[in-house]
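Trainee: Could we go through this one together? I'd like to learn where the terms come from.

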Amino acid sequence: MLAGEVAGVEIRAMRPADAEAVHSLMMSSLDEFFSPEIPLYFLNQWPRGSFVAADFMGNMLGYVAGASLAGGRASVALLCVKASARGRGIGSALLRHLETAARMEGMRAVQLEVKSSNLGAIRFYERRGFIRAEELPGFYNDGSDGIRMVSSSFGSAN
């Protein structure tokens, strides 16, 4: 197995035909409501910045969507892994694919926002080289606070 691979899981670029399964995964894995158009929105916004993880039967296990931002930056817009597939390295592999795509397009920074209360996600990103860059009071639709994190392997996002 090559570095970054996950046994029994294919990590590949998202295709338009994946949108329904990705939306279903998002709704079952994340605590916000998402319109069914969201996966295609991000795929169209940055076609080389959306990846899925599927098992050998084609079942959707994970998804990451990136957004191309001004100033040579990429954003991790969404990252989710099916609850029963967590802890297998799928989220890490998806994140690495997105970071590689950003580097290949000459982007200088990768950033993301996470709820301040989501300590598990914050630890996940910190273990993968992200650092806290900014507090975001009332950032989320439900009024909860957020934290902007930046990948330290890209240097400063400013």
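Trainee: What makes the largest pocket a pocket, and how much space lies in it?

Mentor: About 1,100 Å³ of space lies in the largest pocket. On a 1 Å grid over the protein atoms alone, a pocket is an open set of points with protein on both sides within 12 Å along at least five of seven lines, whereas a cavity is a set where a 1.4 Å probe fits but cannot get out. The volume is the space filled by probe spheres set on the points, with grid points joined across faces, edges and corners. Keep in mind that this is a predicted model: local features need pLDDT of at least 70, side-chain atom pairs count only at pLDDT 80 or more, and totals for chains, interfaces and linings use all residues. Residues are numbered from 1 along each chain as its sequence is written, and side-chain values use heavy atoms, with hydrogens and water left out.

Trainee: How do you know which residues line the largest pocket?

Mentor: A lining residue has an atom within 4 Å of a point. There are 37 of them, and Leu30, Leu79, Asn118, Ala121 and Tyr125 lie nearest the centre. β4 gives the largest share, six residues.

Trainee: What kinds of residue make up the lining of the largest pocket?

Mentor: The lining has 20 nonpolar, nine polar and eight charged residues. Nonpolar covers Ala, Val, Leu, Ile, Met, Phe, Trp, Tyr, Cys and Pro; charged covers Asp, Glu, Lys and Arg; the others, Gly among them, are polar.

Trainee: Why is serine 144 called buried?

Mentor: Buried means under 20% relative accessible area, exposed means over 50%, and partly exposed is in between (1.4 Å probe, protein chains only). Serine 144 has 19%, so it counts as buried. Its place is in the loop between β6 and β7.

Trainee: What makes the link between serine 144 and aspartate 142 a polar contact?

Mentor: Their side chains are joined at 2.6 Å. A polar contact is a pair of N or O atoms within 3.5 Å; within protein, one must be able to donate a hydrogen and the other to accept it, and residues adjacent in sequence count only if both atoms are side-chain atoms.

Trainee: Why is β7 said to be largely enclosed?

Mentor: Six of the six residues of β7 (residues 146–151) are buried, so the rest of the structure largely encloses the strand. Gly146, Arg148 and Val150 point one way, while Ile147, Met149 and Ser151 point the other.

Trainee: How do you know which strands pair with β7?

Mentor: Two strands pair if DSSP finds at least two bridges between them. β5 and β7 run antiparallel and are joined by five bridges, with lysine 115 partnering glycine 146. β6 (residues 130–136) also pairs with β7 in the antiparallel sense, over six bridges, and there isoleucine 131 stands opposite valine 150. Both counts meet the cut-off of at least two.

Conventions: Helices (H or I, at least four residues) and strands (E, at least two) are DSSP runs, numbered from the N terminus.
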